[in-house]
Amino acid sequence: MSNPGIRSVSTWDARFSLPPGAGTDAVHTNPQYCYAVTHLQSESGICGTGIALTLGDGNRLVCDAIDLIARPLRGLPIEDLMADFGKTSRKLADDPSLRWLGPHKGVVHLALASITNACFDLWAKSRGVPLWRLLLDLDPEEVVRLLDLSYLDDELTEPEAVDILRGRLEMRAERSSILRTGYPGYDTSVGWMAYDDKKVRELTVKAMDHGFKAFKLKVGSADRERDLRRAAMLRECVGGAANVMFDANQSWSLPVALDMCRSLAKLDPLWIEEPTHPDDLRAHQVLASEIAPVKIAAGEHIPNRIVFKNFMRLGALHYVQADCTRLAGISEFLTVSLLAAKLGLPVVPHVGDMGQIHQHLMLFNHIALGNQEVFLEHIPHLSESFAFPAKVKGGFYETPQEPGISSELKSEL
């Protein structure tokens with residue numbers, strides 16, 4: 001087994017222009033998709049690539065933080081590093097000169113996400129396997145050693161995490177059929193806020209022709225009637241059998257959210273996403289109670305496992321939208337997934353990576369954790385920028401076969 005040492009760490013402030021209107025929502029009106037990229041160059045010539053999403057000028061700040069946080073990784077053999085990565089992750093997150101800037105959120109946590117993802121990419125490439133295979137080949141104890149479970153011992157201990165993984169081993173063969181069929185996706189790009197009604201209809205019909213059966217629309221504009229009209233239009237376009245979801249991107253106060261969610265409930269959405277400020281746990285609890293049976297999805301801006309623990313345990317969300325480019329990378333994503341598995345909540349990621357890494361993680365979640373097969377968000381805008389772009393056919397993500405986590409960008413080649 002190859003065990004190359006990490007020779008150097010470097011960053012790349014990668015920025016990509018979007019087509020007109022793409023990526024817009026109620027809050028982010030002129031986004032630029034950016035990645036704070038970590039490169040871990042190994043002694044064997046293999047390069048691990050990690051990414052964390054930002055939307056503009058703040059990307060440089062995350063790159064600067066990567067340079068500071070990743071310094072202890074230089075010289076470490078990748079197998080030694082990953083043998084007990086949970087402890088290393090916690091040590092990096094608790095850097096005494098940088099922790100104050102979080103803790104465990106914001107710029108420093110995004111930097112840790114990029115670093116962590118680069119570690120997993122280098123590890124999988126050095127073993128010559130895609131991430132999903134790497135994770136499935138690990139023993140339950142090895143998976144748990146990848147995780148930082150600190151501050152979770154009231155809800156998830158290391159022995160419990162091992163038991164969850166071990167208890168689901170017998171059903172792996174049955175669930176492995178998803179490797180052949182692929183993981184189902186949903187189209188989130190039909191309903192960007194800046195798109196006019198005609199374009200929403202055209203893109204929705206096109207997505208249906210491509211096999212998608214679930215669609216998301218941005219709401220939360222200053223014009224309440226515009227939101228309701230567009231939402232009704234989407235439901236009419238896709239019919240009653242398809243799933244529709246509405247995403248407010250945190251734009252509503254609690255009173256407004258209650259009013260809008262009750263109105264949107266008439267259109268039978270699968271969920272309403274980020275209905276209010278992502279830190280307002282009480283507001284999410286109230287909404288979850290008041291708008292039932294409509295469900296709440298959240299996680300795009302939930303920064304760490306502890307906050308997720310509280311949201312899940314207190315019934316403030318129903319769909320866990322963990323994102324390995326918002327959390328501290330792949331390892332914290334897996335931690336949140338274990339919490340969700342214990343509490344019986346489905347994980348439906350927000351894809352700051354455009355689905356590149358999450359396509360691997362959702363296969364692991366379903367096969368190893370028995371996580372409910374729902375679907376994975378599909379955003380196609382950067383597909384041409386990745387060396388091995390996710391392949392979505394007939395509404396399903398095809399199982400990736402290339403070694404690594406599928407995060408490598410073409411400009412790196």
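The following is a conversation about a predicted model of one chain.

Biologist: How many helices and strands does the chain have, and what share of its residues counts as buried?

Modeller: There are 16 helices and 12 strands. Of the 413 residues, 59% count as buried. The chain exposes about 15,900 Å², and 51% of that comes from carbon and sulfur atoms. Taking contacts between residues at least 6 apart in sequence, 74% join residues at least 24 apart.

Biologist: How many side chains are positive and how many negative, and where do the centres of the two sets lie?

Modeller: The count is 43 positive and 53 negative side chains, and the two centres lie 1 Å apart.

Biologist: Which residues have the most contacts inside the largest nonpolar core?

Modeller: Tyr35, Phe120 and Val320 have the most contacts inside this core, which has 133 residues. Helix H4, residues 106-127, gives the most to the core, with 12 residues. Apart from it lies another core of 9 residues, including Trp271, Ala297, Val348 and Phe375.

Biologist: Which residues does Val320 touch, not counting those up to four places away in sequence?

Modeller: Val320 touches Ala298, Phe308, Met312, Val336, Ala340, Leu345, Pro346, Val347, Val348 and Pro349.

Biologist: Why is Gly106 called partly exposed?

Modeller: The relative accessibility of Gly106 is 33%. Buried means under 20% and exposed over 50%, with partly exposed in between, so at 33% Gly106 counts as partly exposed. Gly106 belongs to helix H4. Between Gly106 and Ala292 the C-alpha distance is 32 Å, and the two are 186 residues apart in sequence.

Biologist: How do you know that Phe364 is buried?

Modeller: Phe364 has a relative accessible area of 2%. The cut-off for buried is under 20%, so Phe364 is buried. This residue lies in helix H16. Beyond its neighbours within four places in sequence, Phe364 is in contact with Leu135, Leu136, Val143, Leu165, Leu334 and Leu369. Of these, Leu334 is 30 residues apart from Phe364 in sequence and 9.2 Å apart in space, C-alpha to C-alpha.

Biologist: What is there to say about the phi of Asn249, and why does Asn249 count as buried or exposed?

Modeller: Asn249 is not a glycine, yet its phi is positive, about 50 degrees. At 0% relative accessibility Asn249 counts as buried. Asn249 is placed in the loop between strand E6 (243-247) and helix H12 (254-264).

Biologist: Where is Met354 found, and what is its phi?

Modeller: Met354 is in the loop between H15 and helix H16 (358-369). Met354 is not a glycine either, and its phi is positive at about 65 degrees. Its relative accessibility is 4%, so Met354 counts as buried.

Biologist: What is the omega of the peptide bond from Gly102 to Pro103, and of the bond from Ala292 to Pro293?

Modeller: For Gly102 to Pro103, omega is near -15 degrees and the bond is cis. For Ala292 to Pro293, omega is near 10 degrees, and this bond is cis as well. Pro103 is in the loop between helix H3 (85-93) and H4. Pro293 is in the loop between helix H13 (281-290) and strand E8 (295-298).

Biologist: Which residues are in contact with Gln41, leaving aside neighbours within four places in sequence?

Modeller: Gln41 is in contact with Gly5, Ile6, Arg7, Ser8, Ile46 and Cys47. Gln41 is in strand E2, residues 33-42. From Gln41 to Ser10 the C-alpha distance is 8.1 Å, with the two 31 residues apart in sequence.

Conventions:
Residues are numbered from 1 along each chain as its sequence is written. This is a predicted model: local features need pLDDT of at least 70, side-chain atom pairs count only at pLDDT 80 or more; totals for chains, interfaces and linings use all residues. Side-chain values use heavy atoms; hydrogens and water are left out. A nonpolar core is a set of buried Ala, Val, Leu, Ile, Met, Phe, Trp, Tyr and Cys residues joined through side-chain atoms within 4.5 Å. Buried means under 20% relative accessible area, exposed over 50%, partly exposed in between (1.4 Å probe, protein chains only). Helices (H or I, at least four residues) and strands (E, at least two) are DSSP runs, numbered from the N terminus. Contact means heavy atoms within 4.5 Å. Accessible areas come from the Shrake-Rupley method with a 1.4 Å probe; for residues, only the protein chains shown count as cover. Lys and Arg count as positive and Asp and Glu as negative; His and the chain ends are not counted. The place of a charge is taken as NZ of Lys, CZ of Arg, CG of Asp or CD of Glu.
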